[in-house]
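Morning, everyone. Let me walk you through one model, sheet and helices to begin with, then the aromatic rings.

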Amino acid sequence: MQRLIKSGDGWRIGWNPHAEKYQGLIGADDWAIELTKAELTDFQRLLTQLVDTMMQMEAELMEGEKISCEAESTLLWLEVEGYPQCYSLRVIIHGDRRGEGNWAEGIAPKLLTGLKSLNFI
């Protein structure tokens, strides 16, 4: 398997199975951070939970009502905030180096689709 980079408007992800420590990459147009396989796996798992939660909350909230949801592992923390159909995403890395980043509203579901297409797990 070779190195893969996927990107869209406001997001990018990558996978390099031959990298010594940091096989994954997440980022936006103006920032990026490398992740270990475990961090990238947790990122995908937690992002899946949050995207699913936001879809479920659409039927529960009143029109125009915003929500904030968090998910965390020992490796990283994620938060989505906004309307169930259009929300921002934020990540904080807890690993051996610190990092954080955020994506604009509407990016999280596209980012998740891109992650699933990498087939790194």
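In which order do the four strands of the open sheet come? The order is β1-β2-β3-β4, and the pairing is antiparallel. The edge strands are β1 (4-8) and β4 (32-35), each pairing on one side only. Neighbouring strands are turned by 15° against each other on average, direction ignored.

Some ground rules. This is a predicted model: local features need pLDDT of at least 70, side-chain atom pairs count only at pLDDT 80 or more, and totals for chains, interfaces and linings use all residues. Residues are numbered from 1 along each chain as its sequence is written, and side-chain values use heavy atoms, with hydrogens and water left out.

Terms next. Helices (H or I, at least four residues) and strands (E, at least two) are DSSP runs, numbered from the N terminus. Two strands pair if DSSP finds at least two bridges between them. Axes are lines fitted to C-alpha atoms, for helices over the stretch in contact, with angles from 0 to 180 degrees between N-to-C directions. Contact means heavy atoms within 4.5 Å.

Back to the sheet. β3 (residues 24-27) pairs with β4 over four bridges, antiparallel. G27 has A32 in β4 as its bridge partner.

Now the helices. α1 (residues 37-57) lies across β2 (11-15), β3 and β4, at about 110° to β4. α2 (residues 108-118) lies across β1 and β2, at about 15° to β2.

Last, the rings. Ring pairs link W31, F43 and W103 into a cluster (centres within 6.5 Å). F43 sits in α1 and W103 in strand β8 (residues 99-103), 60 residues apart.

Definitions and conventions
Rings of Phe, Tyr and Trp (its six-membered ring) pair if their centres lie within 6.5 Å; planes under 30 degrees apart count as stacked, over 60 as edge-to-face and the rest as tilted.
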